[in-house]
Amino acid sequence: MRKKELQIFVYEYDTVLELPERDQKLIFAAREASENAYAPYSKFYVGAALMLENGLIIKGNNQENADFTDGICAERVALFYANANYPNAKVEAMAVTAKNSNGLIKDPSKPCGSCRQAIVEAEARFKHPIRLILDGAKKIMVVENAESLLPFAFKPDALG
Ligand code: THU
């Protein structure tokens, strides 16, 4: 029997202004994207913004449906749009934010399991880590890649 320890690095910032300028820009784009979220049911407005290697910023937001299970998260809207329209552009980073009726959520917004799986796929596809910048009023968290939030992920190489 072997007991192994997994380590993940999380960088925490008290305010947006402590982050490098490129990450600040991405957070502001995500906040802007959250303004256009279609979330009449949850009233939880999520925004995601991706930075592509070609410098383009792609925005997405959650899109809900009266048939609740047919909605989709902001992260996947942004990622799938980017992959559909710029299939050869590596995704460098993604900022995620959310607001509710009280404004910007306190704790940083973290991608759900399905979004983590989709982001890990993009990391595998482009052989490039995607820095995740998770925005919140109390603090901002940065992790170096999506896989650190989804250890032992199911990845393309599992298919053999
Ligand atoms: N949501 C996202 O857009 N991203 C996440 O990472 C978590 C949840 C959306 C889905 C739904 O529209 C609303 O937030 C409440 O769950």
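Start with helices α2 and α3: their crossing is left-handed, a label used when the near helix is turned anticlockwise from the far one by less than a right angle. Helices here are DSSP runs (H or I, at least four residues), numbered from the N terminus.

Before going on, know that this is a predicted model, where local features need pLDDT of at least 70, side-chain atom pairs count only at pLDDT 80 or more, and totals for chains, interfaces and linings use all residues. Residues are numbered from 1 along each chain as its sequence is written, and side-chain values use heavy atoms, with hydrogens and water left out.

Now select residues 74–85 (α2) and 113–126 (α3): their axes come within 9 Å and cross at roughly 25°. The axes are lines fitted to C-alpha atoms over the stretch in contact, with angles from 0 to 180 degrees between N-to-C directions.

Next, show the side of α2 with E75, R76, L79, F80 and N83, which meet α3 residues including S114, C115 and A118; contact means heavy atoms within 4.5 Å.

Finally, select the ligand. Among the residues around it are S42, F44 and E64, each with a heavy atom within 4 Å. Zoom in on E64: one of its polar side-chain atoms lies 2.5 Å from a ligand oxygen atom. Then find C112, whose polar backbone atom is 3.3 Å from an oxygen atom of the ligand.

Definitions and conventions: Helices (H or I, at least four residues) and strands (E, at least two) are DSSP runs, numbered from the N terminus. A polar contact is a pair of N or O atoms within 3.5 Å; within protein, one must be able to donate a hydrogen and the other to accept it, and residues adjacent in sequence count only if both atoms are side-chain atoms.
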